Amino acid sequence: MLVSKLFASQAVRFAAVGVSNTAIDFIVFMLLHHLIGVAPAQVISYAAGTANSYFWNRRWTFEQGKGWNIGELLRFLLVNGIVAAITTIAISFMSAVIPVWIAKVAVTLLGLIINFGFSKLWVFR
């Protein structure tokens, strides 16, 4: 009962999905960045979090049903492609001057802010 009331808010659901996306993104990035470099690891880890994000935000946060909406998917991919490009460029510069994990946290917060605004106002409208 308490849990269902907690997750009744769209913003709380978005935040919960964001936590899972961030966990996936962060774990994949930390596993890969020593093997393939910071920028490629950022792209792959962001894509992994994005796939999780689309599924859960569509089905649970914004309750868009089970069918497919190609316009919505294209808007989602465009927004996340732009966020991925911005965060990849940012982490490439930031990791040269600060520890990579701090740079990763900073670009994750930046991406979250941009993504919520566009998801709420444009992607899942």
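**Close-up views of helix packing in a predicted model**

**View 1. The buried residues of helix α5.** V100, A103, K104, V107, T108, G111, N115, S119 and V123 are the buried residues of α5 (buried means under 20% relative accessible area, exposed over 50%, partly exposed in between, with a 1.4 Å probe and protein chains only). They pack against α2 (10-36), α3 (38-61) and α4. Helices are DSSP runs of H or I with at least four residues, and strands are E runs of at least two, numbered from the N terminus. The model is predicted: local features need pLDDT of at least 70, side-chain atom pairs count only at pLDDT 80 or more, and totals for chains, interfaces and linings use all residues. Residues are numbered from 1 along each chain as its sequence is written, and side-chain values use heavy atoms, leaving out hydrogens and water.

**View 2. S119 and its contacts.** S119 lies in helix α5. Its relative accessibility is 1%, so S119 counts as buried. Leaving aside residues up to four places away in sequence, S119 touches F14, F62 and F124 (contact means heavy atoms within 4.5 Å).

**View 3. Helix α4 against helix α5.** α4 (residues 70-94) and α5 (residues 100-123) pack at an angle of about 160°, and their axes are 9 Å apart. Axes are lines fitted to C-alpha atoms, for helices over the stretch in contact, and angles run from 0 to 180 degrees between N-to-C directions. The two helices are therefore roughly antiparallel (over 145 degrees; under 35 is roughly parallel, 65 to 115 roughly perpendicular and the rest oblique). α4 passes α5 in a right-handed crossing, the near helix being turned clockwise from the far one by less than a right angle. Residues of this contact include F76, V83 and I91 in α4 and V107, L110 and F118 in α5. The contact holds 16 nonpolar, four polar and three charged residues. Ala, Val, Leu, Ile, Met, Phe, Trp, Tyr, Cys and Pro count as nonpolar, Asp, Glu, Lys and Arg as charged, and the others, Gly among them, as polar.

**View 4. Helix α3 against helix α4.** α3 and α4 pack at about 150°, with axes 10 Å apart. That angle makes α3 roughly antiparallel to α4. Their crossing is right-handed. Among the residues that meet are Q42, Y46 and R58 in α3, and E72, N80 and T87 in α4. Ten nonpolar, seven polar and two charged residues make up the contact of α3 with α4.
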